Amino acid sequence: MKVLYFHQHFSTPAGSAGTRSYEFARRLVAAGHDVTMVCGSYATGDTGLSGPFVNGRREGVVDGIHVLELALAYSNDTAFLKRAMVFLSFARRTIGIALARDYDLVFATSTPLTAGIPGIAARWLRGKKFVFEVRDLWPELPRAMGVIRNPLVLGAMSILERATYRSAHTCIGLAPGITEGIIAAGTPVERVATIPNGCDLELFGEGTEPHEEVPGVEPDDFVAAYTGTHGKANGLDAVLDAAHVLKARGRRDVKLLLIGEGMEKARLMARAERDGLDTCVFLDRVPKTRLAEIMGRVDVGMQILDDVPAFYYGTSPNKFFDYLAQGKPVLVNYPGWVANLVKQWGCGWAVPPGDPQAFAERLIQLADDRDEARRAGRNARDLAREEFSRDELAGRFVKVLERTAARRT
């Protein structure tokens with residue numbers, strides 16, 4: 001089977017972005033399928049290609065995957081309008097690829113929602129099988145966050161959302177709420193599968209020792225880390241609010257490590273400096289391989305999001321699964337399926353959103369009883385192995401594509 005795979009933000013582990021598409025594409029290749037990955041140039045990613053762009057593209061083979069990278073730069077720091085133009089440019093250029101290339105099945109993964117447009121073209125103009133993966137519900141999520149308010153834009157996105165779901169022979173949701181949203185939009189249940197993000201158990205090894213000392217962290221400090229985008233949706237002021245409580249309690253031994261980039265990072269750093277929150281340590285984004293080494297020095301992972309109900313069941317955050325794979329317990333600051341999961345498995349704790357006292361108090365309790373954190377960490381690794389092994393989930397993914405390709409229209 002020849003698979004044409006569209007993911008605008010594709011990255012190998014050499015980048016600092018999520019590697020789900022890289023891992024899944026590798027498993028498709030290992031199963032004997034031919035994969036062409038079509039992507040853009042993501043600021044936090046690394047496609048594995050290094051040659052010059054010719055006529056706005058470059059191509060090569062990376063770990064058995066044929067990668068076609070378009071010279072469309074994208075960053076989480078980019079203004080909204082410019083990001084929208086990049087999304088539309090990617091959709092426009094990939095339609096041509098979907099209409100010209102030789103393949104059996106097209107697979108497209110959001111975000112953005114416009115990533116599904118070449119799949120729609122492939123389905124209706126060439127009669128190809130189409131599988132669409134939904135990482136976030138659009139326009140539900142930006143509407144809930146207040147990021148997009150224009151009713152015409154929201155209406156157009158709703159039309160595109162339903163057109164994409166109805167064009168796809170199979171839809172894949174990454175979280176329970178996402179799957180429910182796809183079905184609520186009118187997609188038959190038998191055409192929907194749930195495959196959450198997974199744990200890279202080889203990359204993130206339990207007990208991995210840090211390659212070097214982490215800047216700003218003393219040997220005896222208790223370290224809580226957040227690894228990911230510093231954007232509006234991530235609500236990282238909650239971490240700084242907790243830092244205020246820790247400062248008032250005189251707990252300089254509890255360090256809050258924030259690793260990554262995003263539109264809010266400069267403001268967060270300025271706030272921490274202005275308020276004297278020197279227990280907050282900011283690091284630049286790092287490749288996944290380096291992140292695994294840093295996580296060896298961490299005691300607990302922080303799963304932080306803004307208090308938006310649409311997030312509670314409608315997200316499948318990469319960082320959460322990295323924490324589990326590393327054998328780190330998780331502190332969650334919002335309710336929902338992730339909070340329920342860590343409580344069920346005894347591998348973490350949930351605190352109410354908007355409650356810095358509860359947030360800080362939980363960190364203090366763990367710093368004073370580090371055996372509790374270590375026990376929860378062992379449970380986290382068990383959860384990673386038993387429920388979220390990347391090998392297991394990738395195997396399910398390959399079977400979904402194979403079944404879709406074999407299905408009669």
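Lys2 is partly exposed, with a relative accessible area of 35%. Here, buried means under 20% relative accessible area, exposed over 50%, and partly exposed in between (1.4 Å probe, protein chains only). The model is predicted: local features need pLDDT of at least 70, side-chain atom pairs count only at pLDDT 80 or more, and totals for chains, interfaces and linings use all residues. Residues are numbered from 1 along each chain as its sequence is written, and side-chain values use heavy atoms, with hydrogens and water left out.

The side chain of Lys2 forms a salt bridge with that of Asp102, at 2.8 Å from N to O. A salt bridge is a side-chain nitrogen of Lys or Arg within 4 Å of a carboxyl oxygen of Asp or Glu. This pair links distant parts of the chain, 100 residues apart. Lys2 lies in strand S1 (residues 2-6), and Asp102 in the loop between H2 and strand S5 (105-109). Helices (H or I, at least four residues) and strands (E, at least two) are DSSP runs, numbered from the N terminus. Asp102 is exposed, at 56% relative accessible area.

In the whole structure, 29 salt bridges are found. One of them joins the side chains of Arg162 and Glu161 at 2.9 Å, N to O. Arg362 belongs to helix H13 (residues 356-368) and Glu372 to helix H14 (residues 370-387), 10 residues apart. Glu372 is partly exposed, with a relative accessibility of 23%. Salt bridges also link Asp237, Asp241, Glu264, Arg267, Arg271, Arg274 and Asp275 in a network.

The largest nonpolar core holds 132 residues. Such a core is a set of buried Ala, Val, Leu, Ile, Met, Phe, Trp, Tyr and Cys residues joined through side-chain atoms within 4.5 Å. Leu257, Leu324, Leu363 and Phe397 have the most contacts inside the largest core. Helix H7 (residues 237-248) gives the most to this core, with 7 residues. Leaving aside neighbours within four places in sequence, Phe397 is in contact (heavy atoms within 4.5 Å) with Tyr5, Phe24, Leu28, Phe107, Ile172 and Ile195.

In helix H12 (residues 337-345), the buried residues are Trp337, Val338, Ala339, Leu341 and Val342. Gly346 follows H12 and has a positive phi, near 65 degrees.

Thr187 sits in the loop between helix H6 (176-184) and strand S8 (192-194). Thr187 is buried, at 4% relative accessible area. A polar atom of the Thr187 side chain lies 3.1 Å from the backbone oxygen of Ile182. Beyond residues up to four places away in sequence, Thr187 touches Tyr165, Ile182 and Val192.

On the surface, Leu81, Met85 and Leu88 form a nonpolar patch with about 330 Å² of accessible area together. Patches are made of residues with over 30% relative accessible area and no salt bridge; like charges are joined within 9 Å, and nonpolar side chains (Val, Leu, Ile, Met, Phe, Trp, Tyr) within 5 Å. Accessible areas come from the Shrake-Rupley method with a 1.4 Å probe, and for residues only the protein chains shown count as cover. Leu81 is found in helix H2 (residues 80-100). Leu81 is exposed, at 63% relative accessibility.

Conventions
Polar contact = N/O pair within 3.5 Å; in protein donor to acceptor, adjacent residues only side chain to side chain.
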